[in-house]
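Reader: I have a structure to look at, and I am new to this. Could you show me how to read its features, one by one?

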Amino acid sequence: QNVSEKVTAGVGRLQTKKNLADAFKILSQSKIKNISADIILGLPNERLASVKQTLKFLLKHNVTHISAYTLQLEEGTQLHQAVKLGKTAILTDEEVVKQYNAVNELLTKFGFVRYEISNYAQPGFECKHNQKYWHNVEYLGLGLAAHSYINGTRHWNTKILKEYINSISKGVLPQGQEVLTKSQKMTERIMLSLRTKEGLDLKTFQKEFNENLQETRKMQIKKLQQLGMIEIKNNKLHIQDKYFPLANAIILELV
C-alpha cells in the first residue's frame with residue numbers, strides 16, 4: 001500500500017489513494033477490526049516523507065498490523081529490467097535503512113510492537129500463521145505453488161497451473177519435496193528465531209540438536225556482543241533493536 005501515486009505508477013501499480021480510502025470505507029462498514037497492510041521500503045521515487053504519509057494514512061484507518069518489507073528485485077519483472085537498463089534507479093542501502101528506522105520510530109510511538117524484523121502489530125494482533133514459520137512449527141499449504149513443512153520435510157506444489165490441474169485430475173499431487181538435514185534444520189532455527197523479538201532459545205536449541213551454540217560459536221558470539229549487536233538474557237540470544245537492519249549479516253556470523 002502506498003498513498004504516493006507517483007511511487008505506485010513507477011512500479012506499474014494502478015492503485016490510487018482513493019482506491020485505498022474506498023477499501024477502508026468498506027471495511028469499516030463491515031465492522032472488521034483486524035486489518036493488516038503491507039508496505040515496501042526502497043521503491044524508486046520513494047522518499048522518507050511519503051513513507052511517513054502512507055503510515056499515517058494507515059494509522060488513521062485503524063490498521064492493527066503492518067508489515068514493512070524492503071524491496072527485492074525479482075528477475076523477469078519489469079522493474080528488474082528497468083533497473084538493469086538504467087531506466088530506473090533504486091534507493092541506496094543507507095536511504096532504505098533511514099526509512100526502516102523511521103517506520104520503527106513512528107509505529108512504536110503509536111503503540112505497535114515490532115515482534116519480527118518486518119512485522120509490527122498492536123498487542124494481540126500479531127499474525128498467527130507467520131509466527132508458525134518463525135517458530136519452526138509444521139504447516140500445511142494447499143493449492144497452486146503452495147509450500148508445506150511436515151515431519152522435517154519441505155513440500156511444494158508446482159506453480160504451473162496447467163500441470164497442477166492435469167495432475168490433480170489424475171489424483172496425483174504435483175509435488176516436489178526435500179528432507180532437511182540436521183545442519184539445515186539448525187541453520188533455519190537460528191535464522192528464523194533471530195528474526196523475532198524473543199530471539200533464539202539456547203537451551204531449547206541444545207536440547208533439540210545436542211549442540212551448545214555458546215561453545216561452538218564462542219568467538220562469533222563474543223565478537224557480536226563486544227560490538228553491542230546481540231545480547232544473551234535468560235538463555236535467549238537476540239539481536240539488539242537498533243541492529244535489526246543488519247540482521248542478515250549478524251545471522252550469517254552465527255550459522
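Author: We will take aromatic rings, then strands, then a cavity. Keep in mind that this is a predicted model.

Reader: Let's begin with the rings. How is a pair of aromatic rings described?

Author: Take Tyr133 and Tyr139 as one case. Their ring centres are 4.7 Å apart and their planes stand at 70°, so this pair is edge-to-face. The cut-off for that label is an angle over 60 degrees.

Reader: How do the rings of Tyr139 and Tyr149 sit?

Author: Here the centres are 6.4 Å apart and the planes are at 35°, so the pair is tilted. Now look at where the two residues lie. Tyr139 is in the loop between helix H6 (128-134) and strand S5 (147-150), while Tyr149 is in strand S5, so the pair ties together parts that are 10 residues apart in sequence.

Reader: Which residues do these ring pairs link into a cluster?

Author: Tyr133, Tyr139 and Tyr149.

Reader: Is Tyr149 buried or exposed?

Author: Read the relative accessible area. Under 20% counts as buried. Tyr149 has 8%, so Tyr149 is buried. Tyr133 has 32% and is partly exposed. Tyr139, at 23%, is partly exposed too.

Reader: On to strands. In what order do the three strands of the open sheet come?

Author: The order is S5-S6-S7, with antiparallel pairing. Next, find the edges. S5 and strand S7 (175-179) each have a single partner strand, so one side of each is left without a neighbour in the sheet. On average, neighbouring strands here are turned by 20° against each other, direction ignored.

Reader: How many bridges pair S5 with strand S6?

Author: Four, and S6 covers residues 153-157. To read a bridge, pick a residue and look across. Ile150 has Thr153 as its bridge partner in S6.

Reader: What about strand S10? How many bridges join strand S9 to S10?

Author: Four bridges join them, and the two strands run antiparallel. S9 spans residues 230-233. Ile232 stands opposite Leu237 in S10. S9 and S10 form a hairpin, with two residues between them. Check the turn as well: Asn234 there has a positive phi of about 55°.

Reader: Which other strand pairs with S10?

Author: Strand S8, residues 200-201, pairs with S10, residues 236-239, in the antiparallel sense over two bridges. Leu200 has Leu237 as its bridge partner.

Reader: Last, the cavity. How many cavities of 30 Å³ or more are counted?

Author: One. The largest cavity has a volume of about 30 Å³.

Reader: Which residues line the largest cavity?

Author: Gln1, Asn2, Ile39, Ile40, Leu41, Glu46, Ser50, Val51 and Thr54. Then ask which elements supply them. Strand S1 (36-41) and helix H3 (48-60) each give two or more residues to this lining.

Reader: What classes of residue make up the lining of the largest cavity?

Author: The lining has four nonpolar, four polar and one charged residues.

Definitions and conventions. Residues numbered from 1 in each chain as written. Predicted model: local features only at pLDDT ≥ 70, side-chain atom pairs only at ≥ 80, totals over all residues. Heavy atoms only, no water. Phe/Tyr/Trp six-rings, centres within 6.5 Å; stacked < 30°, edge-to-face > 60°. Buried < 20%, exposed > 50% of the residue type's maximum accessible area, 1.4 Å probe, protein only. Pairing = 2+ DSSP bridges. 1 Å grid on protein atoms, 1.4 Å probe; cavity = no way out; pocket = protein on both sides within 12 Å on 5 of 7 lines; lining within 4 Å. Points joined across faces, edges and corners; volume = space filled by probe spheres on them. Nonpolar A, V, L, I, M, F, W, Y, C, P; charged D, E, K, R; others polar. Axes fitted to C-alpha atoms, helices over the stretch in contact; angles between N-to-C directions.
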